[in-house]
Amino acid sequence: MTSTVTSWGSRRRGSSARPSVRERTRRLPRGLHPGAWWLWAIGVAVAASRTTNPLLLALMLAVVSVVVVVRRSDAPWARAYRLYLVLGAVIIVLRVVLHITVGFKYGDHVLLRLPEVPLPEWAAGIQVGGTVYLEGLLGAFFQGLRLATLIACIGAANALANPKRLLRALPGALHEIGVAFVVSLTVAPQLADSVHRVRRARRLRGDNVRGVRAVGRIALPVLQDALDRSILLAAAMDSRGYGRGVQASPRIRRTSGALVLTGLTATCIGTFGLLDAQSPTVLGVPALLTGLVLAAAGLWVGGLRVRRSTYRPDPWRAPEWATAASGLAATAAMLIVGYTDPSALTAPLQPLAAPALSLVATAGILAAGLAAIVSPAPQTTTSPAPVWVSRSGTERTPERRPQ
Amino acid sequence: MSPAIVFQQVSITYPDAPRPALTAVDLAVDEGELCLVVGRTGSGKSTLLGAVNGLVPHFTGGTLAGSVRVLGRDTREHRPRDLADVVGVVGQNPLAGFVTDTVEEELAYGMEQLALAPDVMRKRVEETLDLLGLADLRHRPLRDLSGGQQQRVAIGSVLTTHPRVLVLDEPTSALDPTAAEEVLATITRLVHDLGVTVLLAEHRIERVLQYADHLVHLSPDGRVEAGPPAELMATSSVAPPVVELGRLAGWTPLPLSVRDARRRAAPLRDRLRSSTPGPGGRPPVSDAGAAALRSRGIVVRYGDVVAVRDVDLTLRAGEVTALMGRNGSGKSSLLWALQGSGRRDRGHVAVVAGGATPDAVDKGGLDPSTLDPARGRRLVGLVPQEPGDLLYLDSVTGECERADHESGDIAGTCARLLERIAPGIDPGQHPRDLSEGQRLSLVLAVQLSADPAVLLLDEPTRGLDYGAKRRLRDVVHELADRGRAVLLSTHDVEFVADTADRVVVMADGEVVADGPTADVIVSSPAFAPQVAKILAPQPWLTVRDVRAALAGPTAISETLP
């Protein structure tokens, strides 16, 4: 037996007992199930949508950013979080500018006196120009901040979860959509190559036409190229068994379709009810849950006709549960505060006062930050050595080990 | 042993085709055989291969008469996807057939479709990574791999489903000699160790012939002969140099490998000892010959990657230069940089012949990249790797007229050139319906209509059969005889031996060898042509040279032992 490479290897080989699940899942770097990250992010996003309290929103932004920084991998999509933050800042600025130019102004503390354009009666709620008050400006800023926090949550999910692995985790009934998406992702760079090649080739013929006329001359060979390639790809997929496991009976297809459609409609209504604090309680969580159950049942029925397996499916273990729960804790805290002490979720503007910091809400948001601890460390893709020890979970034959 | 593949009276006719692509084919390939399919371009090789897993006619359309059975399954009742567990198909262009984008996922794709259990998939992916030497590449994006690596991934991706029949359509056509050896070694290992039945089509027969157990020869008229390689090669319409040399020397049975031929060649070497190889019928170009293109310090870089590293290259009028080197060594980048439409980060190119005016020559020549494309192509013409990119009109005539207009020639110049290069092309045809060789000829005619002083050809022999390569050689020689400089980049050592006066070898963006063809390629294990290997240490390169020497003044009788 050759010497071991990492401490993991030696420990596991040394003890004959199987390591506990806790040890396995906590110690080894691995990618968390993308669905867990999305649930976590949605949990925080829903929490953000319920409040305009700047303290709570700032806390959420901080918590989300910390989790992203601690748990993102070195993959290209992981660097996108910064872009979402920039987008959020742009949204805040835009919201404030809109308030100053066309927003309805209110409050007591005058900041700025702008000339006002008189508008007819039916345009109430829009005010072009006019005096800007501190209260109205702050209100607009807080609303912008809420939207920016939502965007940051989506960005966090994108940065933390490999978008393609999320597609692989789709239920069997949606497999075709996932394949189409992955194929189109690979086609885009090929198309760019093709355009580049044909443009170069045009110049070889001394053709220096630019503008609209060039489009036709380049588009034709590029389209032919794309068509050829898609035919080759379709032939290759057919030869490799794509579509072989599908035994579609019309009855199952109809049942599945009806279930999914009804379920999605109910989910939409439920989501609306949950986000809109004014709507009746029955339109919130109950409708959402019913919709999700119906849609899941539809996908399950649809998946019955598909016989296919997934290579290295992402496991759903304790860290996944914990991560998802920590995000949902933020939502739960907001819902509780919303029932017991709704005023703690809004910033008091009239009269202007310092926003309150509810203990329950703060605890809920901080709980979402636990995701940075309960989730496993991401694995790096650039250094291959630790990857095969940690990811395979099985030991390789000694002679294959690098010395 | 029962046959793995059985064709019974198979005729395949595509819609709107004047005649069947295959006529009454009877064929049986036994299990564990490596069966090589050869024939001229357009003789139906791809059709035959496609029929094995039912892509023809299920996918391509057309009518199939007779029956094709693979391990007892009739393609009439089984669609390609239903045969995916027994037949693996690898196409010419591996990148076009990839469904996912990393090595590991691509290897698993076929198994996912067959609904294999996750632990089985896991094990087979690891086994396949090791079998094909891909373990270090497992997480790499497929697009970043070299051609040879991509081809190995493509083979691996069908091997994971453990097919018992493997169908490969020109698996080495885009590869340099070393990468091709690598892929072929993998294939023979599968045949010998795992008992996989392999059906393989190839234009460069010299690479594969020695490994074949069974040969299928498709005649241009749609007939099919099958049998032991040595017997069929005696009369085959396409033959590698080793076979041609064997035919010339009258060896029976014909040797198929360099080793076999070398053991028979001692008497021939004795006969040839007294004569020296001629220059292949072409007078040597003296070193002092007029330089047509001078380049100094060419650098091409893409981000951090330096594709061409400080290359000096001079092309002389009347000389044919071959540019060789492994995939990704910077050959294409250099050609594009010399032509002027490609990227060039540093260095000078000066064309001192042809369209350059006398005062431009005094100043050291014209740089084609500083001219507008229409004038640049009169100095340096380039036929790119995908000649079809240059064509966009819907008929051959249209392309020719357009070329005359672009070059400012009198009408009909391009059509006349095309008639000389490749006689008998129907002018009304759509350029896409032409064969590889015909399309190359059309693009060559289009580029030659500008009468450039320097012609650059990027991988011109891809997909050409031996006849088409001979015609290309004659065209290139004629150009050189008219005082043009020709630079062609290629992996085809036999074509280089037959065509080039001088060989430049690139590695890692640098020129590592530059000299007369015989000096550079005879001693190289990878680049030496078959004839050179057989007749070493005598420096013969081609069967043509040997034939000329045998028929020459020494008048050796035709009856060699």
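Q: What percentage of the 403 residues of chain A count as buried?
A: This is a predicted model, in which local features need pLDDT of at least 70, side-chain atom pairs count only at pLDDT 80 or more, and totals for chains, interfaces and linings use all residues. Residues are numbered from 1 along each chain as its sequence is written, and chains are lettered from A in the order in which they are written. A residue is buried if 20 or more other C-beta atoms, placed from the backbone, lie within 10 Å of its own. For chain A, with its 403 residues, the share is 33%.

Q: How is helix 3 of chain A oriented relative to helix 12 of chain A?
A: Helices here are DSSP runs of H or I with at least four residues, numbered from the N terminus. The axes of helix 3 (residues 34-49) and helix 12 (residues 318-340) of chain A lie 7 Å apart, at an angle of about 10°; axes are lines fitted to C-alpha atoms over the stretch in contact, and angles run from 0 to 180 degrees between N-to-C directions. Angles under 35 degrees count as roughly parallel. Helix 3 of chain A is therefore, relative to helix 12 of chain A, roughly parallel.

Q: Which helix of chain B gives the largest share of the side that touches chain A?
A: Residues are in contact if their C-beta atoms, placed from the backbone, lie within 7 Å. The contact takes 41 residues from chain A and 47 residues from chain B. On the side of chain B, the elements that give two or more residues are helix 3 (103-113), helix 4 (118-131) and helix 14 (373-379). The largest share, seven residues, comes from helix 3 of chain B.

Technical notes: Contact = placed C-beta atoms within 7 Å. Buried ≥ 20, exposed ≤ 12 C-beta atoms within 10 Å, placed from the backbone. Parallel < 35°, antiparallel > 145°, perpendicular 65-115°, else oblique.
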